[in-house]
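Please consult the sequence and the coordinates together.

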Amino acid sequence: RLLKSTYAKLTAWQKTQVARHQERPHLSDYLQALVEDFTPLAGDRLYGEDRAIIGGLGRFQGRSVVLMGQEKGSDMESRVRHRFGMARPEGYRKAQRLMTLAQRFDMPLIAFVDTAGAYPGVGAEERGQAEAIAQSTARCLKLRTANVAIIVGEGGSGGAVALAGANRIFMLEHSVYSVISPEGCASILWRDSNKAPDAAEAMRISAQDLLELGVIDEVIAEPIGGAHRDVATAVVQAGDKIEETLNELADLSPDKLLAQRREKFLAMGRAGLA
C-alpha cells in the first residue's frame, strides 16, 4: 500500500528518474516477449549501420509487422555498443527505410521510443543529423499504413519525435516525453543543471500531463512500483494495448489513416488557443 501511495504522487523529476531506471524493460525485452520470427535489418544504404536503433520484420500476434525503436542496453558493454539509445543520422535513415518497407508491403509499423535524444557528436552533425531527423519525422507523418508508437521510457527531443509521428501514441505510466531533457532546459534557462527538477515541472513532461494536453492518446498502467519491478507484466500490458489498437486501425483505408494522423497533429494545441 505504501509503494502504491508513493508512486501515485511522484513529481515530474521523480518520474524522469523512474523512466531512466536501468532495469526498466528496453526494446530487446519487448521484441523477445511479443514478437515471433524477428528478422533485424541493418544499414541505411547510405553510410552504415547504427546500433542505437534496432528495426526489422516480425510477427506480432500472428500479424506481419515492421518494428523499430531505440535500444539503450542493459549493462555497460551493451550501453556503449548501442550508445545509450542515442542515434546518429544513419539510424534515422535506417528508420526511414523501414517505414518505406512497411508501406510497400502494407504492414503496420510499431515504434518503441526510449532515448534521451539524438546523438550530439560532431560526426553526426557533419553527416546531417538535423536533416535526418526532419526527414524521418516527415516520413512518419506521411505513412500510408497503420502506425503505432509507444514511449516506454524516456522520449527526448527530436530524437524521439522522429519515430513517434503515429496514428496512436501511448506512454507507459512513468515514462516522460519532452522537447529537451530537464537538465538541458535548466542549463539554458537558468544556466544551472541543478534546476532540473524545476524544469521538469515547468515542461509538463509526464504521461498524465501530456494526455491532458492532447499530445498522446492514452496512458498504459505499469505494475505497482514501476515497470522495472515486474518487467514481464509491463511488457504484456503494452503488447495488449498495441494489439487492441492495430485491430481498431485494420479496417481503415490508407487515405483515412493519413487523414486521421494529419488531423491528430494539427489539433494539438487548439484547445489551449480556444
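In which helix is the place of Val-80? Val-80 lies in helix α4, residues 76-81, where helices are DSSP runs of H or I with at least four residues, strands are runs of E with at least two, and both are numbered from the N terminus. This is a predicted model, in which local features need pLDDT of at least 70 and side-chain atom pairs count only at pLDDT 80 or more, while totals for chains, interfaces and linings use all residues. Residues are numbered from 1 along each chain as its sequence is written, and side-chain values use heavy atoms, without hydrogens and water.

Val-80 counts as exposed because its relative accessibility is 53%; exposed means over 50% relative accessible area, buried under 20%, and partly exposed in between (1.4 Å probe, protein chains only).

Strand β6 (residues 168-172) is mostly covered, with five of its five residues buried. Arg-168, Phe-170 and Leu-172 point one way from β6, whereas Ile-169 and Met-171 point the other way. Strands pair if DSSP finds at least two bridges between them. β6 pairs in the parallel sense with strand β5 (residues 147-156) over four bridges, and with strand β8 (residues 218-220), also in the parallel sense, over three bridges. Met-171 is the bridge partner of Ile-151 and has Val-219 as its bridge partner in β8.

Met-68 is in contact (heavy atoms within 4.5 Å) with residues including Ile-54, Ala-95, Met-99, Phe-112 and Leu-163, leaving aside its neighbours within four places in sequence.
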